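This report walks through a protein model one region at a time. The sequence and structure come before the text.

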Amino acid sequence: MNKPVIAANWKMNMTKKTAGILLRKINESVSITSEVIIIPPFTLLDMAYEILDNKIKLGAQNCYWKKSGAFTGEISPQMLVDIGCKYVIIGHSERRHIFGESDALLHKKLIAAIDAGLTPIYCVGETLEEKRKGKREFVLNRQLDTINGISSLIVAYEPVWAIGTGVAADIATIRETIELIKLKLKEKSVDATVLYGGSVKPDNSKEIAKQHIIDGVLVGGASLDAESFLKIIDSFKR
Ligand code: PGA
C-alpha cells in the first residue's frame, strides 16, 4: 500500500451514543490522504458502516477461522465482509496474552481472513520481560513465521510494553525493528505494509510520520477522541 495507513483500534470501548458522536466528527472533519481505518467493537460495526463515507474503511478487532457453524460467541471473516469490513486485526497482544491465542491458531485466522477477502492487520511485538532478556528478534521471528501461505498483509509492530502505557518506543527502536520485520518478510516474499503501534499520540505522531520506513500507525487510546485522532491523521500528510 502506498498511502500511509492510520488505524483506530477502539478495543472494548464506546456505546452507540458516544460512538455516533465520534464517528460523525471524524467523518465530517477528516481530509483524507491516508488509508484511515476505524476498528470499533463488533456491536458498533453496522452503525459505523452507515455513518462513515466510503473514504474511511472499516475493520474488526478479531475473527474466528471457520465460515459458520456451532461456535457459540464467535464471528467469522465472512460475517465481517457481509457487514462491510475490509480489514481485521489478528493476534493483537491482548488476544495473545489475555486470551491465550497461539501462533498456530493465529495462522488459521490469517488464512481464513485472506480467503474471505479481508486484509489482516497482524500484530507482533515483544513483552517487557522478553525485551529485558534480549529476545525481541527471536520473538518477532517466531511470530512472523506464522505468516505462511500469504502474499500480502499489514503487520503492526506493537511492543507490548508500549501499549496503553503512555510511553511509545523511541524512534530508533521503531525504525530498527520495522527494518528487521520488512527484511524478514521480503525473504518470505510477503508484500507487507508495516505499522507502529503503542502509545501513539498527537505529540509523537509527527516524528513517527517523518520516518518513511514506517508505513503508518495503529492507534488505541488516542483514537477515542476526535481531536487527537484527527491530529494524528494530519501528521501523516507527508
Ligand atoms: P495504545 O494501543 O495506542 O492505547 O497504546 C495501541 C494498540 O493496542 O493497538
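## Ser228 and helix 10

In this predicted model, Ser228 is in contact with Pro202 and Ala222, leaving aside its neighbours within four places in sequence. Ser228 belongs to helix 10. Its relative accessible area is 13%, and since buried means under 20%, Ser228 counts as buried.

## The barrel

How do the eight strands close, and in what order? They form a barrel in the order 1-2-3-4-5-6-7-8, with parallel pairing. From one strand to the next, the twist averages 30°. Strands of a sheet pair through backbone hydrogen bonds, in either a parallel or an antiparallel sense.

One of the pairs is made by strand 5 (residues 119–124) and strand 6 (residues 152–157), which are parallel and share four bridges. Ile121 stands opposite Ile154 of strand 6.

## Strand 8 and its two partners

Strand 8 pairs with strand 1 in the parallel sense over four bridges. It also pairs with strand 7, again in the parallel sense, over two bridges. Leu218 of strand 8 takes part on both sides: Ala7 stands opposite Leu218, and Leu218 is also the bridge partner of Gly197.

Both faces of strand 8 are covered. Gly216 and Leu218 are buried on one side, while Val217 and Val219 are buried on the other.

## Nonpolar cores

The largest nonpolar core has 61 residues. Those with the most contacts inside this core are Leu23, Ile38, Ile147, Leu153, Val155, Tyr196 and Phe229. Helix 10 (residues 226–235) gives the most to this core, with five residues. A second, separate core has twelve residues, including Ile121, Ala156, Leu195 and Leu218.

Leaving aside neighbours within four places in sequence, Ile147 is in contact with Leu110, Tyr122, Leu153, Val155, Leu185, Lys188 and Val190.

## Around the ligand

Which residues come nearest to the ligand? There are 13 residues around the ligand, and Lys11, His92, Glu158, Gly164 and Ser199 come nearest.

For Lys11, an N or O atom in the side chain is 2.7 Å from a ligand oxygen atom. For Glu158, a polar side-chain atom lies 2.8 Å from a ligand oxygen atom. For Gly221, a polar backbone atom is 2.9 Å from a ligand oxygen atom.

## Ser199

Ser199, one of the residues that come nearest to the ligand, lies in the loop between strand 7 (191–197) and helix 9 (202–210). Is Ser199 buried or exposed? Its relative accessibility is 13%, so Ser199 counts as buried.

The side chain of Ser199 reaches the backbone nitrogen of Gly166 at 2.8 Å. Not counting residues up to four places away in sequence, Ser199 touches Ala162, Ile163, Gly164, Thr165, Gly166, Val167, Ala168 and Asn204. Gly164, in this list, is itself one of the residues that come nearest to the ligand.

## Arg175 in helix 8

Arg175 has its place in helix 8 (residues 171–187). With a relative accessible area of 33%, Arg175 is partly exposed, because that category covers values between 20% and 50%.

Not counting residues up to four places away in sequence, Arg175 touches Gln211 and Ile213. The side chains of Arg175 and Gln211 are joined by a polar contact of 2.8 Å. Arg175 and Ile214 are 39 residues apart along the chain, and their C-alpha atoms are separated by 7.1 Å.

## Gly73

Where is Gly73 found? Gly73 sits in the loop between strand 3 (56–60) and helix 3 (77–82). Its relative accessibility of 74% is why Gly73 counts as exposed, the cut-off for that being over 50%.

Gly73 and Ala19 are 54 residues apart in sequence. From C-alpha to C-alpha, Gly73 and Ala19 are 23 Å apart in space.

Key. Residues are numbered from 1 along each chain as its sequence is written. This is a predicted model: local features need pLDDT of at least 70, side-chain atom pairs count only at pLDDT 80 or more; totals for chains, interfaces and linings use all residues. Side-chain values use heavy atoms; hydrogens and water are left out. Buried means under 20% relative accessible area, exposed over 50%, partly exposed in between (1.4 Å probe, protein chains only). A polar contact is a pair of N or O atoms within 3.5 Å; within protein, one must be able to donate a hydrogen and the other to accept it, and residues adjacent in sequence count only if both atoms are side-chain atoms. Contact means heavy atoms within 4.5 Å. A nonpolar core is a set of buried Ala, Val, Leu, Ile, Met, Phe, Trp, Tyr and Cys residues joined through side-chain atoms within 4.5 Å. Two strands pair if DSSP finds at least two bridges between them. Axes are lines fitted to C-alpha atoms, for helices over the stretch in contact, and angles run from 0 to 180 degrees between N-to-C directions. A residue is near a molecule or strand if one of its heavy atoms lies within 4 Å of it.
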